[in-house]
Amino acid sequence: MTRPDTDSALSSESIEPLNIQTVGTSLPRVDGHAKVTGTATYAWEHDLRNPTYVYPLQSAIARGRVLRMDATQAESVDGVIAVLTPYNAARLADTGNAELAVLQSDEIAFRGQLIGAVVAETPETARHAASLVGVEYEQQPHDTELRADRPDLYRPDQVNPVFPTDSEEGDVEAALAAAAVTLDQTYSTPMEHNNPMEPHTCVSVWDNAGTGADGGPRLTQYDSTQGAHAVRKNIARLFELAPERVRVISPHVGGGFGSKGMPHAHNVLSALAARAVAGRPAKLALTRQQLFDLAGHRTPTVQRVRLGADADGRLTALCHEAVEHTSKVKEFAEQTAVASRLMYAAPNRRTTHRLALLDVPVNTWMRAPGECPGMFAAEVAMDELADACGLDPIELRAINEPESDPSTGKPWSHRRLVECLRTGARRFGWDRRAEAGTRREGDWLVGLGVASATYPSWAMPGSAAEIERTADGRYAVRIGAADLGTGTWTALSQIASDALECPFDAVHLEIGDTDLPPASVAGGSSGINSWGSTIVAAARAFRAEHGDNPAAGARTSSKTPENPDMKRYAVHSFGAQFAEVRVNADTGEVRVPRMLGVFAAGRIINPRTARSQFIGGMTMGISMALFEESVLDHGTGHVVNHDFAQYHVAANADVGDIEATWLDEPDPHANPMGAKGIGEIGIVGAPAAVVNAVHNATGIRVRDLPVTPDKLLRA
Ligand code: MOS
């Protein structure tokens, strides 16, 4: 194993650091005023003339075929313009991605799948008419149940996004057999649904449809997406258009959590519907209930974790085997056990992923796919091992700190996990933690829990940025990036300002439009890293070409630079999550009065927006720990609690004093800003911290999320 010498660990030979001025300061959100005054245009809100409205028709069975559809009654409703069905919808040029092959066949692969749509003059008319469409099905038996003992589990070729499916080092079984202390437990996490505030919305407009004018048809989509260019690429292929004939516009996005990372079926339906009303916009916003079928979800998992340690708590074996589901429509193999490859030093190690192929809607990214559910199991297991070894959970983690990345042998660019744990322990009052089940205040059992967090620093290739000196003496900075409410508008403006060495107000950022240079998807917490590096490269090229006092119209663009350090170093963020819980001794109700996250994520571009990202992730972690569970009724293949009345997402009353802090030091190997992604690490480890705190409060170990009162009362 190679280690960097001290100097190269503190700076990078390949990356010239940004000279920071506004980066690191809590500038208010650039888009804040527009948002709070309601003038920020979300996908539905663009001012378009003469719109039509689309209401989807969805399958009421989970598997089979549509035999007949009768639209006569619907078509006779005043204001109905068209009823789309698999029989009359336009043929798509590419049906390779079955999720997007909307209305291309009569086959049904999951309950809630799109089987048609009504296009009408008002949303109410469309919805009413949709209820009048008669559908006859040929129903076939469906299978939606994930179980770890299914004989038909299969091994995917790789797991999201590009990880090997399995890893094996040393001899795990022998090491477990020889270990002084062992743990063998199975953990489970339920199906969960991304629930961004803004439901998925896509408004499509065709120009020149059916004519040869102006080079043929042109499609515009006002979309709620994490990646305008990714939508363009996919939609252009389906409709056999050159990419530049599709424009996707998405200046503001009301959350996504991964579910808007790629176009889904509704994007295609919107475009098909717009074809039927040539020239008029077709507006489609999914209802909250429809999101549960059409916008992705987090796979349920069953995870067996086996740990072996010597008498001092040094890990000798670590085995993490994950079972998950995927939809028959499209494989998504989540990387559940991948973080276990690098968290702790253990000479013998195995991770595996197996999938059940089910008649369920398409699952996809949901905030920290893989790391989040995987670290729930692994970090509860570490808490259990600490108990078994008679060690403080923080000490157990410190003892097992790896000097370099165990999965690759590469040196860490920055790790500092133990520092996060110790800093958090001090601030949180960890020394007040009592023996499990011994601290009671009135009716409430009180406990503290801790867990580690990690997330890789992804750098996506393929973006470009353009910088132009404008007539008003400012700088237009153009990149097709996305702001999901995360702070991109502000953070990229700060980076551009420092890179151009100009006042913050002199930067005029433009994002969220495919007319701008291409940008990678806002996913994998990679946005600031990927787009920021690109903007810095463009700014430096601009200054090199045009100097400090450029003429109006001076313009330069640059692509994402290579970062050779990504090959030499293991570049990851780390963190420590602390939770205090109070469990009602009579009702089993769990409260989280305090939570603290301490993160090592490199330089923080904007503390205000970063804090919001961190505590948002932690809040979602509390939500995962205590509330979120999509109840899939295997009789119908339907998620029955498909609304906010029944699928509870943590809200203000569920969250007490929640704080995030960080070790503020740039990671010189990450990029010129020294920054690593922060969008996802906040949720990683948070559910485990809560569950470990519940154990400390009650002595009860819950291994199946969410921790509902019944699970505590039964124990
Ligand atoms: Mo994130 S789940 O990669 O948007």
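Biologist: What makes K283 a charge that sits over the ring of W44?

Modeller: This is a predicted model. In it, K283 lies over the face of W44, at 4.5 Å from the ring centre. The limit for such a charge is 6 Å from the ring centre, along with a place within 35 degrees of the ring normal.

Biologist: Which charged residue sits over the ring of F428, and at what distance from its centre?

Modeller: R594 has its charged end over that ring, 3.9 Å from the centre. The 6 Å limit applies here too.

Biologist: How many aromatic pairs are there by the ring rule?

Modeller: The count is eleven aromatic pairs.

Biologist: Why is the pair of F428 and F578 called tilted?

Modeller: Planes under 30 degrees apart count as stacked and those over 60 as edge-to-face, with the rest tilted. The planes of F428 and F578 stand at 40°, so the pair is tilted. As for pairing at all, the centres must lie within 6.5 Å, and here they are 5.7 Å apart.

Biologist: How do you know that this pair links distant parts of the chain?

Modeller: F428 belongs to helix α11 (residues 417-428) and F578 to strand β25 (residues 570-584), 150 residues apart. Both F428 and F578 are buried. Ring pairs also bring in W430, which forms a cluster with F428 and F578.

Biologist: Why is G442 called exposed?

Modeller: Exposed means over 50% relative accessible area. G442 has 57%, so G442 is exposed. Its place is in the loop between β19 (440-441) and β20 (444-456).

Biologist: And why is N50 called partly exposed?

Modeller: N50 has a relative accessible area of 47%, so N50 is partly exposed. N50 also has a positive phi of about 60°, although it is not a glycine. N50 lies in the loop between α2 (32-36) and β1 (52-58).

Biologist: What describes the packing of helix α9 with helix α16?

Modeller: Two packed helices are described by the angle between their axes and the distance between the axes. For α9 (residues 371-389) and α16 (residues 686-698), the angle is about 35° and the axes are 8 Å apart. The crossing is right-handed.

Biologist: Which residues of α9 and α16 meet?

Modeller: M375, F376, E379, V380, D383 and D387 in α9 meet P687, A688, V691, N692 and H695 in α16. The residues of this contact divide into six nonpolar, two polar and three charged.

Key:
Residues are numbered from 1 along each chain as its sequence is written. This is a predicted model: local features need pLDDT of at least 70, side-chain atom pairs count only at pLDDT 80 or more; totals for chains, interfaces and linings use all residues. Side-chain values use heavy atoms; hydrogens and water are left out. Rings of Phe, Tyr and Trp (its six-membered ring) pair if their centres lie within 6.5 Å; planes under 30 degrees apart count as stacked, over 60 as edge-to-face and the rest as tilted. Helices (H or I, at least four residues) and strands (E, at least two) are DSSP runs, numbered from the N terminus. Buried means under 20% relative accessible area, exposed over 50%, partly exposed in between (1.4 Å probe, protein chains only). Axes are lines fitted to C-alpha atoms, for helices over the stretch in contact, and angles run from 0 to 180 degrees between N-to-C directions. A crossing is left-handed if the near helix is turned anticlockwise from the far one by less than a right angle, and right-handed if clockwise. Contact means heavy atoms within 4.5 Å. Ala, Val, Leu, Ile, Met, Phe, Trp, Tyr, Cys and Pro count as nonpolar, Asp, Glu, Lys and Arg as charged, and the others, Gly among them, as polar.
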